[in-house]
Amino acid sequence: MKQLFPFALALATPAAAETIVVTADRMVDVLAGRVIANPVVTITDGRITSVSTGSAPAGAKVIALSGKTILPGLIDMHVHLDSSPRYGGYTGLQFTDSFWTAIGVQNARDMLDAGFTTVRNVGSSAYSDVGYKQAIDEGLLKGPRIVPAAHALGATGGHCDQTYLPPSLKAKGEAVGDSPEELRRRVREQRKYGAEVIKVCATGGVFSRNTEPGQQQLSEGELRAIAEEAHQWGLRVAAHAHGAAGIKAAVRAGIDTIEHASLVDDEGIRLAAARKEPVWFSMDIFNTDYTQSEGKKNGVLEDNLRKDREVAQIQRDNFRKAHRAGVKMVFGSDAGVMPHGMAGGQFKTMVEYGMTPMEAIQAATRNAAQALGRDRDVGAIAVGRYGDIVAVDGDPTQDVRVLERVSTVIKGGEVVKGGS
């Protein structure tokens, strides 16, 4: 049996440790960018302790995935677990507030079943994403590892404020701020109650009311205050930014990931590609297929569908331009705008607009783990990382669409979908 990664020492294992061995026909090594035949992956107490090739050791508890290709558990960097595309516009007002927390239970399971063993939830209501994370970690719910943002920060009247209701109802976003000092305080509040990443809305959006995607809604100084405060506490920052001016302000301010990046211009691409501290683009270039075909039926207002139409192709073309220019990219689907179980459909669109299949896979594994600052835990089948593995039929480096049909999901060494 040939040992891979000989520079990595096998981890010490306690005498009573639970060990399983996963075998398959092929493994995608996202760190080296290659496919390995006949992998043998040993997982002890939820962590990978060795990666080799050949045959499983005698007497081992084996999950034999014959005919399959295994990959690291996938990472979606932009989801909303407490959202549903079925209730657009004003139709969601028929439900009580806690309804939105309840629907996230199934959405979390759908993400896991689709092969996403880690998700970054960039904005929720009532700290629901923190609650999902705690319940999953306690073994009470089935779902992915969650990196929660809690409430998204924004400006009064901006995309992360409540913009659908009249002034008599005094509705307001939970983390709105209108000065650097206010927004620093909002960062501290979200961290206090469980946020592990900070989400901020730098520009207008597609599915809010009375905002346009291109509008910059926070100043560069306000964005810098958010980034500095978050970084002081050891948190990273994701900025919703469609418009060119807001994207450039966010990059200059030290924001870590730019969400959507739809209307980025050539200067913004150059700034992102050249920044010394890495900045990552998370561009949801697939979901418009769903929103345009199903949005009207789901109650989405025509003004929102109009913005969606106007932005969609520009965003896809800019994805190609940014990738060609060497901007660092991660996988972010914006699941919640479309059904969560459809997130894997984005791989084919990423390939259509310029990535190789391997690059698209790396965006949802190696790159995403780096952007999270958690590349010792997730994002690769490698010694020391969690035993998060998905299996598919065929070779996704040749046909990336096989990732739309994940047959087996293993999270921390536990089979949560499929199996041998």
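Predicted model: local features only at pLDDT ≥ 70, side-chain atom pairs only at ≥ 80, totals over all residues.

Reader: How many cavities of 30 Å³ or more does a search of the whole structure find?

Author: A cavity is a set of points where a 1.4 Å probe fits but cannot get out. With a threshold of 30 Å³, the search of the whole structure gives a count of 1.

Reader: Which residues line the largest cavity, and how much space lies in it?

Author: The lining includes Pro72, Gly73, Thr117 and Thr118. Asp377, Val378, Gly379, Ala380, Tyr386 and Asp388 also belong to the lining. The space in this largest cavity is about 40 Å³.

Reader: How do the residues of that lining divide into nonpolar, polar and charged?

Author: Gly counts as polar under the classification used, while Tyr and Pro count as nonpolar. On that basis the lining of the largest cavity divides into 4 nonpolar, 4 polar and 2 charged residues.

Reader: Which residues are the closest to the centre of the second largest pocket?

Author: The second largest pocket holds about 410 Å³ of space. It is lined by 21 residues, and the closest to its centre are Ile136, Asp137, Arg145, Ile146 and Lys411.

Reader: Which elements give two or more residues to the lining of the second largest pocket, and how many of its lining residues are charged?

Author: Helix 2 (128-137), strand 9 (145-148) and strand 17 (414-417) each give two or more residues to this lining. Its residues comprise 9 nonpolar and 4 polar ones, and the number of charged residues is 8.

Reader: Why do the buried residues of helix 6 line one face of the helix?

Author: In helix 6, which spans residues 266-274, the buried residues are Gly268, Ile269 and Ala272. They line one face because, seen down the helix axis, they fall within an arc of 100 degrees.

Reader: Which residues are exposed on the other side of helix 6, and which elements do its buried residues pack against?

Author: Exposed means over 50% relative accessible area, and on the other side of helix 6 this applies to Arg270 and Ala274. The buried residues of helix 6 pack against helix 5 (244-253), strand 13 (280-282) and helix 8 (302-324).

Reader: What does Val237 touch, not counting residues up to four places away in sequence?

Author: Val237 is placed in strand 11, residues 236-241, and is buried at 0% relative accessibility. Among its contacts are Val197, Ile198, Val200, Ile226 and Ala227.

Reader: Where is Ala150 found, and what is its phi?

Author: Ala150 is in the loop between strand 9 and helix 3 (180-192). At 0% relative accessibility, Ala150 is buried. Although Ala150 is not a glycine, its phi is positive, at about 60 degrees.

Reader: Where does His260 lie, and what is its phi near?

Author: His260 belongs to strand 12, residues 257-260. With a relative accessible area of 5%, His260 is buried. Its phi is positive in a residue other than glycine, near 80 degrees.

Methods: Residues numbered from 1 in each chain as written. Heavy atoms only, no water. 1 Å grid on protein atoms, 1.4 Å probe; cavity = no way out; pocket = protein on both sides within 12 Å on 5 of 7 lines; lining within 4 Å. Points joined across faces, edges and corners; volume = space filled by probe spheres on them. Helix = DSSP H or I, 4+ residues; strand = E, 2+ residues; numbered from the N terminus. Buried < 20%, exposed > 50% of the residue type's maximum accessible area, 1.4 Å probe, protein only. Arc of directions from axis to C-beta. Contact = heavy atoms within 4.5 Å.
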